[in-house]
Every structure is written in C-alpha cells, then in structure tokens.
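These are my notebook entries on one protein chain. I set down what I looked up, entry by entry.

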Amino acid sequence: MADARFGVHAVARREPLVSGGQLTLSNALTLDRTGVRADGFNEDVAANGTFIRSSTLMPVIGYQGRFEIGADAERAKRGLGAVTPMLTPVESLPALAARARDRGLTPAWFTVRTTISTSLDQTALGPGDLVNEWTVNKRRHFSYRLDQPSTPMFPISAGRYAVERRVVGGVAVELWYHAAHGAHAARIVEIASRSLTVLQQQFGAFPHKTLRLVEVPAGWGFGAYAQTGSRDLTESRGMLSDARKGDVDLLVRRIGHEVAHEWWGHTVDPLWGEGRLTIVETLAKYSEQLRLGAQQGDAVLARMMSFDHDRYLSGRANTMGLEPTLLTTA
Ligand SMILES: [Zn+2]
C-alpha cells in the first residue's frame, strides 16, 4: 500500500523478523522549496544555510499518536470523536507499556552515523562527534558518529559558521555562529561551561564528549531548543539578545535551561503520558533556577518566578477547558 496524499506506506514481509534480527530500510527524500506561496514558507534549506530536523528527513515507523489533531474545535469540524486521553500512570507498568507501544508513543533510543555534504564555504553539523572531514567534487563532506543511545530527534545544520570552543572537564563545549553575531560568543560558551559544572554536581555526569550550541535563523518559532547533539539558539533571542536589559541575566537563564534538558528529556526520557511535562519542563525550570542562583544569588529568583507566573497566567487566558492535572493518583 502506498498513500501519496499522506505519504504512508505499508510493507508486509513474507517471513517474520526473528527476535534480534535486522532489517535494512532505504529511502530517498527530495525537498522542493521552490514556487510561489502566500504563506507556509519553509526555510529549512536555503542557499546560505540549512537547519532541518530528523522528523522532516526520516520516515517514522508504526502508528504515530502524536500526529492526531488535538484541538477540540478542529476535531468537531472533521467529525472526529474526543481526543484519545493521555496515558495515566495509575495502571500496571507492563499494561501501560503495551498501550504506549500500540499508540506509537515509545520511540526507542538510537545511535546514529551521518555523512553530510555541503558547499565549499559551509560547515555541516550533525549529531555526535566529528570523525572525518574531506572534500570531493567541490563539496565538503562531514561524518559524525553518536554511539551513546539517545532520544531520536536531531537536527542537521550547515552554514558559514564561525566557532568558539573550550574544553571543560573532558567535554568540548562549542558554539557555531554567524560571524557577524559574535558579540556574546565567548560569554555564551562560558555560560554553557559553567552550566555543565553546576548541573553535573546536582544530577550526575554529562553523558557525551561534546556539548554543541548552534545559531539558527530567527524565523524558527522557539527561543532555544535542545535536541540530540545540538542546543539551537535563535539569532534574535539567543545570539543577539541584549544581556544588559532587566535584572535577570537572560542568557544564563536560557542556556542553563537548554543544557538542563540534557538530563530532563534526554537522559530521563519519560513515557508520553500524564506527568511527562512535569519531569521534562518543570525540572528543567528548577535547574534553570539553580543555575541562575549560582550566578546571581538566590535573591534574583523571586523576580524570575514572578515573571514566569505572569507567563503562566497569560497562557491560561488563551486555553479552553480544564487545566490538565500534573498527576493522577489511584
Ligand atoms: Zn524546556
């Protein structure tokens, strides 16, 4: 079966795959970003740079619960029933795991090797450590290797990057950035390095050899984003933010938060169910406070929490229905 509209393919094997067996799946992808559009612009691959996520590049296997339409009004318009409720951690673990598997909610961790080619004036960045680099037919090639099992979400970036580096306790901390945006580069690497030190003391050793930060264009709808192998900072809210504004150091806060996701979200990667965000985001927010307190003293935390409280209330003002509970108990 091949459904061209949704890009869904069904493959049936003649013989079942034995336990521990292997299967090779090959696919090729062509992205067409040409043409005239009114909206929905996609600038993941441009002449002077690339920032593309693995979810765009690679096929996904099995039913994907996360692709279901979540908004009640949108579902009603299309005649769909109520949204499938989130998994709740009140049933037995094996039953919960089986239901999560059926709904495509437990993507396994992976290891990955990538070979990326780009034009001569650009550097390509992939997940893990750089193992080789060469030039053939006027194209630069880069080979990366991630041997530590990791959450299956990573970006591929390429651009005319400058780099700022330092080694902290055996970990290479690197920032790849647009050279014209380098005013805070040394400071960002210093903040990321100190975040590693502060957070390792609290939560255990950082599991990788490289902590990589990468500047991406402002058009991406996030301030910063922690994916496997890369903490992506937008040019507007990361590289070019004015650190003199306000009494809370925004760079320390933002970078501390994204480094903390190495533990919350990437080392501890909870099942996609009720309470997941409490572990992934609440603990990252808590780590952000530890990091900021270590830099500016605990007195600054009250101002930071009052800002976060305002953000929480303004978010609630635009939400329909009841607020989901953090946790359900039997
Ligand atoms: Zn976060």
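**Entry 1: Confidence**

I looked first at confidence, given as pLDDT, the predictor's confidence in each residue from 0 to 100. In the protein chain it is lowest in helix H5 (residues 235-239), with a mean of 76, and highest in strand E6 (residues 123-125), at 97. The chain has a mean pLDDT of 88, and 97% of its residues reach 70 or more.

I noted that this is a predicted model, in which local features need pLDDT of at least 70, side-chain atom pairs count only at pLDDT 80 or more, and totals for chains, interfaces and linings use all residues. Residues are numbered from 1 along each chain as its sequence is written.

For the element names, I recorded that helices (H or I, at least four residues) and strands (E, at least two) are DSSP runs, numbered from the N terminus.

**Entry 2: The five-stranded sheet**

In which order do the five strands of the open sheet stand? I read the order as E10-E11-E12-E14-E13, with mixed pairing. Strand E10 (161-168) and strand E13 (224-227) are at the edges with a single partner strand each, so one side of each has no neighbour in the sheet. Two strands pair if DSSP finds at least two bridges between them.

I then followed E10 to strand E11 (residues 171-178): they pair in the antiparallel sense over eight bridges. Val-163 has Trp-176 in E11 as its bridge partner.

Helix H4 (residues 185-203) lies across E10, E11 and strand E12 (210-216), and runs at about 150° to E11. Such angles run from 0 to 180 degrees between N-to-C directions, and axes are lines fitted to C-alpha atoms, for helices over the stretch in contact.

Strand E3 (residues 45-46) pairs with strand E4 (residues 49-53) in the antiparallel sense over two bridges. I found that E3 and E4 form a hairpin with two residues between them, and that Ala-46 stands opposite Gly-49 in E4.

E4 also pairs with strand E9 (residues 155-159), in the antiparallel sense over five bridges. Here Ile-52 stands opposite Ile-156 in E9.

**Entry 3: Helices H7 and H8**

I looked up the packing of helix H7 (residues 276-296) and helix H8 (residues 299-317): the angle is about 140°, and the axes are 8 Å apart. H7 and H8 are therefore oblique to each other; angles under 35 degrees count as roughly parallel, over 145 as roughly antiparallel, 65 to 115 as roughly perpendicular and the rest as oblique.

Which residues meet between H7 and H8? Gln-289, Leu-292, Gly-293 and Gln-296 in H7 meet Val-300, Leu-301 and Met-304 in H8, where contact requires C-beta atoms, placed from the backbone, to lie within 7 Å.

Terms used
Contact = placed C-beta atoms within 7 Å.
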